[in-house]
Amino acid sequence: MAHSDDFRQAALEYHQLPRPGKIKVTPTTPLVTQRDLSLAYSPGVAYACEAIVEDARNASLYTARANLVAVITNGTAVLGLGDIGPLAGKPVMEGKGVLFQKFAGIDVFDIELNERDPDKLVDIIAAMEPTFGGINLEDIKAPECFIVERKLRERMKIPVFHDDQHGTAIIVGAAVINALKIVGKRIEDVKVATTGVGAAGIACLDMLVALGVKPEHILAFDREGVLYTGRDHMDPDKQRYARDTKARSLAQIVEGADIFLGLSAGGILKSEMVASMAKQPIILALANPNPEILPEDAKRVRPDCIIATGRSDYPNQVNNAVCFPYIFRGALDVGATGINEAMKLACVQAIAALAQMEAGDLAGAYGGDAPTFGAEYLIPRPFDPRLVVMLAPAVAQAAMDSGVATRPIEDMEAYIEKLSQFIYRTGLIMKPVYDRARADRKRVVYAEGEEETVLRSVQTVIDEKLAHPILIGRPDVIETRIERLGLRMRAGVDFELTNINDDRRFNDYWQQYHALTERRGVTPAAAKNLMRSRPTLIASMMVKRGEADALICGLVGRYHKKLGYIRSVFGLDPGVQCTSAMTGVINDKGTWFFLDTHVQCDPSAEQIAEATLQASHRLKLFGVEPKVALLSHSNYGSHENASSAKMREVWKILRTRAPHLEMDGEMQGDTAWDEEIRRRIFPNTTLSGRANLFVMPNLDAANIAYNMVRVMTDGVAIGPILMGVDKPAHILTPSSTVRRVVNMTAIAVVDAQIRAAQGERS
């Protein structure tokens, strides 16, 4: 498909700005002081060298080698561009490095070699073994790619993987497994017609045979025609797929085939050929950028077909990015000496299984509805956050089981948890909260129980055993959406259901609500109407009556409306004048909390102090020792106005009420961030290090600061965490993701545990 001039210019600017290229090398350790320099280089570096001399395995402890992959090409078969040479292939190799880092946290050096002789290429690459933990061969033409990979595997004791061959084969294998599951055919019965018998094509055929396709059921076609017994000038790899057949054209081998596999040229598969295929044919038209047949043309003659392409603008994209980062992640993490067939098959099965699972929080990544397993969703998409936690452990386990792991993983659950923290950056800080929630699960009611984000979240809550969920909504709507989303949870078994249209407790709810609010102008008729149409009120009454322990709402509607409903039912915590909200942001610099981001527009000094104490207590639930900065536009009395005076008053209140709380102010944002600045301005500061709880003078400052930090640093939010209400209740926002809802569920459960314990003591 031709792209516009605008797209071409955008692509060039993407590669040029803000600096040329797509990658850079950054240090992972501090290099600020003379001591840092001494540790990093001479004389400290000598100790690391000596340790490696004593035991070569120490290289994985004291260098980056165990997480470093070489992406290597000689530029002889770059994408669909062909033999463009190593220099012109460099943008592709850099791009591959970006994908390794983005999806699996693997570092890459891209290496472009001006060498076409396969033996010399092998010598050059093999000599680099001390530098790398793995070798990813890329865009080397056939048959040289077979020679290079085979000889490198024989000579090197680290993983060597030609992605054009094996990455494609793995994804194709997963797609075929799932497509056959949908059409109800057995793999040992199907007939395969393939066109394009180069490196990727042969690897795909080898994979299909390994999965159960009978070799005699495969007919192949290349530039010279059908691969038949006795045909001249075929290399040994092609000869393996030559058959005793009278077919001499592509149309003849496609007729009656169950599967078409294309890795050749655009437009080569004609509509009449597709029409001649078996019932419910599976078509993998993988030529790029133009497939062997466009999906709309295939479906026009065979509406019953399942089709995949290499294109991102059609369903079922066969994309190697779903595979190669994770097979290397698993191989590197166990110190594998190679990537064998067992590891590749494990990867195939893990990919196929993941596509069959509900799609999780993919809607945000793709700007639309999350996909559901079926004819138009055979393969997980590259941005599925679960790929690393599904594929890497499967590959690592296969490496250990097949005897190629030099550093076996002793605790696979801990390993999976570590991988989860790479994808879900909230994982590490939420771990103590999750552990505590699982120890004593509570009933959490979700006011917007029909929302897809809530339903996906509740499935995760059930799977991770964080709470006993209760959904408010219409049973038929919830059931329909559970089925459409491919979720596994069942009403009455995995979760309770409160029917918003027909619940026997309705009269009790509205009468009790009226009793609470009749002196605030709520009539019986209004109480009935509100209780019938406001699920947040129903959830609040359920918690009030002890039918649930905590509530989650806010996925639909406005924050302050929800807060009003909650406050009409619940009181305030003892000694608290007002509710407040704290929101956390996790980014590459750490975890930071902001107060008050959602509730108090212009709180008094007393209200800010109360909120700060509540926020400090909640930070400890995350295992974070609070370091509080009372922020203003001024530093320590340098400017006199109402706002700065208010924050100084907060400091006085807190110093009296919580003398052991580490905090200081009033101060500017950079002063809170940088201890050196703080001590230069005010040597007697009562705050050490970098602040982690930023207390603002008003809602404008807090909300603006929180959102700017979150967006500009690609941060992940926790919260908002509602504080000050005498029951566990939290109001989220319509932009909340599945992971944020799950996190807030765990926080709500722990909140309920604490309140239950306090009630028992009293």
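Reader: In which helix is the place of Glu417?

Author: This is a predicted model. In it, Glu417 sits in helix H18, residues 412-423.

Reader: Why is Glu417 called partly exposed?

Author: Its relative accessible area is 32%. Buried means under 20%, and exposed means over 50%. The value for Glu417 falls in between, so the label is partly exposed.

Reader: How far apart are the C-alpha atoms of Glu417 and Thr33?

Author: They are separated by 35 Å. Along the chain, the two residues are 384 residues apart.

Reader: What makes Glu138 and Asp139 count as buried?

Author: The cut-off is under 20% relative accessible area. Glu138 has 7%, so it is buried. Asp139 has 3%, so it is buried as well. Glu138 lies in the loop between strand S3 (134-137) and helix H7 (144-155). Asp139 is found in the loop between S3 and H7 too.

Reader: What does Glu138 touch, leaving out residues up to four places away in sequence?

Author: Its contacts include Lys96, His162 and Asp164. For Asp139, counted with that exclusion, they include Thr73, His162 and Asp164.

Reader: What makes Arg155 and Asp123 a salt bridge?

Author: The rule asks for a side-chain nitrogen of Lys or Arg within 4 Å of a carboxyl oxygen of Asp or Glu. Here the N to O distance is 2.7 Å, so the pair qualifies. Arg155 lies in helix H7 and Asp123 in helix H6 (residues 118-126), so the bridge ties together parts that are 32 residues apart in sequence. Arg155 is partly exposed at 47%. Asp123 is partly exposed at 42%.

Reader: Why does the pair Arg438 and Glu464 count as a salt bridge?

Author: Their N to O distance is 3.6 Å. The limit is 4 Å, so the pair counts. Arg438 is in helix H19 (residues 427-439). Glu464 is in the loop between helix H20 (452-463) and strand S12 (468-473).

Reader: What parts does the salt bridge of Asp549 and Arg443 tie together?

Author: The bridge has an N to O distance of 3.1 Å. It links the loop between helix H24 (535-544) and strand S14 (550-553) to strand S11 (residues 443-446). Those parts are 106 residues apart in sequence.

Reader: What joins Asp435, Arg438, Glu464 and Arg739 into one network?

Author: Salt bridges that share partners do. The total count by this rule is 44 salt bridges.

Reader: How many salt bridges are there between domain 1 and domain 3?

Author: The count there is zero. The rule does find four residue pairs in polar contact across that interface. Domain 1 and domain 3 bury about 1400 Å² between them, 66% of it on carbon and sulfur atoms. In domain 1, Ala66, Phe103 and Ala104 lose the most area to domain 3.

Definitions and conventions. Residues are numbered from 1 along each chain as its sequence is written. This is a predicted model: local features need pLDDT of at least 70, side-chain atom pairs count only at pLDDT 80 or more; totals for chains, interfaces and linings use all residues. Side-chain values use heavy atoms; hydrogens and water are left out. Helices (H or I, at least four residues) and strands (E, at least two) are DSSP runs, numbered from the N terminus. Buried means under 20% relative accessible area, exposed over 50%, partly exposed in between (1.4 Å probe, protein chains only). Contact means heavy atoms within 4.5 Å. Buried area is the accessible area (1.4 Å probe) that two parts lose on being put together, summed over both. A polar contact is a pair of N or O atoms within 3.5 Å; within protein, one must be able to donate a hydrogen and the other to accept it, and residues adjacent in sequence count only if both atoms are side-chain atoms.
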